[in-house]
Amino acid sequence: MYHILHEMKNERNLVPAIEWAREKSDDLEKRGSNLEFELGKVQFVWLFVGKQLQKGRPNLYGGRQHALEYARQELSHFRPRHLREIQQLCGAIAFTPHLRQSPYRRMFLNSDAWDELATSFTKEFCALLGLSADSPLYIAATAGAIALPHFSKLQEIMKEKRTEWTTKHEIPVEIPLPPSYRFHNIFVCPVSKEQTTDKNPPMMMPCGHVVAQETLVNLSRNTRFKCPYCPNESHPRDAMKIYM
């Protein structure tokens, strides 16, 4: 990732990023990401304004004609979703060399385009790895700030009811973190209502229903038992561990 960002920011070379986006095209599509098109769009602008590419990159050349050739070869398959933007890119030729007075000046003369693209690339790259593009310290501090009021309220309730926090490795209340702060799948047993852990993993029975391992042991007592959600019966040794 850092090599690609270095090429993008310091060398104005989008080829490594474009190649990565092509390789991950299906995964990006599933996320609804426009990164692959955005990379192609900035590459078109870079060629259009006549920047001469450095030695060692013989496949792309600067200039308007080559920008149009690039659009035909590389942007045509984006037409179903981005036809209007492609038309705007190509339509800018009619205003050359007066782009500053054209309706497309913001598209071609955006000084922040490269920084915005680098931010988008970092976000998508990390998202495909299940990571956050933000600093881990920032994430931890922000999540803690979100959770603090809930813990404060919990402490007041426990004080009033004279109860204690008895769960050792689990939070006794759900913390409503935003979707961007959820990096790992979790499973809550529908019977015990407890979140599964490495020591108490989710187990799938032959019928397809899933419960926590401790629930499975309690229900079966090492003999055949009936699924709590359907009429099927099975033995605990037939259950499979689910890895999350």
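Select R81: its relative accessible area is 45%, so R81 is partly exposed (20% to 50%; under 20% is buried and over 50% exposed, with a 1.4 Å probe and protein chains only). The model is predicted: local features need pLDDT of at least 70, side-chain atom pairs pLDDT 80 or more, while totals for chains, interfaces and linings use all residues. Numbering starts from 1 along each chain as its sequence is written, and side-chain values use heavy atoms, without hydrogens and water.

E29 and R81 form a salt bridge, with the closest N and O atoms 3.2 Å apart (a side-chain nitrogen of Lys or Arg within 4 Å of a carboxyl oxygen of Asp or Glu). E29 lies in helix α3 and R81 in helix α6, 52 residues apart (helices are DSSP runs of H or I, at least four residues, numbered from the N terminus). E29 is partly exposed at 46%.

Next, select K41. K41 is buried, at 14%. E38 forms a salt bridge with K41 at 3.3 Å. E85 meets K41 in another, at 3.2 Å. E38, K41 and E85 are linked in a network.

Finish with α1 (residues 2-10) and α8 (residues 113-128). They pack at about 170°, axes 10 Å apart (axes are lines fitted to C-alpha atoms over the stretch in contact; angles run from 0 to 180 degrees between N-to-C directions). The two helices are therefore roughly antiparallel (over 145 degrees). Show I4, L5, M8 and K9 of α1 with W114, L117, A118, F121 and T122 of α8: these make the contact (heavy atoms within 4.5 Å).

Conventions: Parallel < 35°, antiparallel > 145°, perpendicular 65-115°, else oblique.
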